[in-house]
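This briefing goes through a few parts of one protein structure. Please keep the sequence and the 3D view open while reading.

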Amino acid sequence: MYITTGDKEAASLVERARELAATTGGTYVARNRTSLPKLLEQYAVQEILVVLKGRARLFRKDASELEFHPSMGFVRSKRVLRGEPDPMLEAGAVREGDTVVDCTAGLGSDSLVFAVATGVQGHVIACESSEPLYTLLLDGMSHYESNEPSIDEAFRRIELRNQDHLELLRSLPDQSCDTVYFDPMFREPMMDSSAIKPLRNYANAHALAEESVIEAKRVARKRVVMKEKRGSTEFERLGFQVLDRANAKTLYGVINVETGS
């Protein structure tokens, strides 16, 4: 993964970009007032990560730029801190102190909510197979700052992995976490979602494999949860019981490992 800065190459940004490259095994390249399309052409790469003050973004010539931001994850986390319910947490029976494996981290919105809910005694592992997304997420989780210190701290607690989730699940012992969560790219895109559309250009688009669900059931103590579009045949194909919510466009499917159902 190639990493650079914005046009203004402040020393702090250059240091941050270099550290990110060293941590991820990527390559830092000086911007030198070169346009991003020119950099892609110069280094013969498909995408490049741009480190900016207070934020970072992925650039690809043929796609929309993708900037790190927890989006609705921040709003949901504030609600959780106020003691309000969250459908995802209810679906996963997530409690303070739990261990959760988020197999499809994306931009970390759901992982953040899990980290807030499980608290300082909990443990959230966020797995992202896409190297560009992983790099963006690693930088974002490390440097994101809001007006809610507890939310920023929750981001820092997340253990981020850059690997295929099936590989991760296979490496985990039986019943070693409470909840395993999947939010794969929907088989039928929700075209009205402006937040998800740019993500599709960088995310792993493969359908969830049955073997991943089998491994998740072995690893989980409580539940395996999958998010999908209302009416998706993926719920039935993979053996999830749908938790219906009136007027919701997306639903959660659950496999309750505790009861064997």
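Where is the place of Asn247? Asn247 lies in the loop between β11 and β12 (250-256). The model is predicted.

- As background, most residues other than glycine have a negative phi.
- Asn247 has a phi near 70°, a positive value in a residue other than glycine.
- Ala44 sits in the loop between α2 (36-43) and β3 (47-52).
- With a relative accessibility of 70%, Ala44 counts as exposed.

**The sheet**

- In general, strands of a sheet pair through backbone hydrogen bonds, either parallel or antiparallel.
- The sheet described here is open and has 7 strands, in the order β8-β7-β6-β9-β10-β12-β11.
- The pairing in this sheet is mixed.
- β8 (159-161) and β11 (241-243) are the edge strands, and each of them pairs on one side only.
- On average, neighbouring strands of this sheet are turned by 25° against each other, with direction ignored.
- Strand β7 (residues 123-127) pairs with β8 in the parallel sense, over 3 bridges.
- In this pair, Cys127 stands opposite Arg161 in β8.
- Strand β6 (residues 99-102) runs parallel to β7 and is joined to β7 by 4 bridges.
- Asp102 stands opposite Ala126 in β7.
- Of the 5 residues of β7, 4 are buried, so β7 is largely enclosed by the rest of the structure.

**Helices α1 and α6**

- Two packed helices are described by the angle between their axes and the distance between the axes.
- For helix α1 (residues 11-24) and helix α6 (residues 131-143), the axes come within 11 Å and cross at roughly 125°.
- α1 and α6 are therefore oblique to each other.
- The crossing in which α1 passes α6 is right-handed.
- On the α1 side, the contact involves Arg16, Leu20, Thr23 and Thr24.
- On the α6 side, these meet Tyr134, Thr135, Leu138, Asp139 and His143.
- Sorted by kind, the residues of the contact of α1 with α6 are 3 nonpolar, 4 polar and 2 charged.

**Helices α3 and α5**

- What angle do the axes of helix α3 (residues 72-81) and helix α5 (residues 109-118) make where they cross? They cross at roughly 15°, and the axes come within 9 Å.
- α3 and α5 are therefore roughly parallel to each other.
- α3 passes α5 in a crossing that is right-handed.
- From α3, the contact is made by Gly73, Phe74, Arg76, Ser77, Val80 and Leu81.
- From α5, Ser109, Asp110, Leu112, Val113, Val116 and Ala117 take part.
- The residues of the contact of α3 with α5 are 7 nonpolar, 3 polar and 2 charged.

Notes. Residues are numbered from 1 along each chain as its sequence is written. This is a predicted model: local features need pLDDT of at least 70, side-chain atom pairs count only at pLDDT 80 or more; totals for chains, interfaces and linings use all residues. Side-chain values use heavy atoms; hydrogens and water are left out. Axes are lines fitted to C-alpha atoms, for helices over the stretch in contact, and angles run from 0 to 180 degrees between N-to-C directions. Helices (H or I, at least four residues) and strands (E, at least two) are DSSP runs, numbered from the N terminus. Angles under 35 degrees count as roughly parallel, over 145 as roughly antiparallel, 65 to 115 as roughly perpendicular and the rest as oblique. A crossing is left-handed if the near helix is turned anticlockwise from the far one by less than a right angle, and right-handed if clockwise. Contact means heavy atoms within 4.5 Å. Ala, Val, Leu, Ile, Met, Phe, Trp, Tyr, Cys and Pro count as nonpolar, Asp, Glu, Lys and Arg as charged, and the others, Gly among them, as polar. Two strands pair if DSSP finds at least two bridges between them. Buried means under 20% relative accessible area, exposed over 50%, partly exposed in between (1.4 Å probe, protein chains only).
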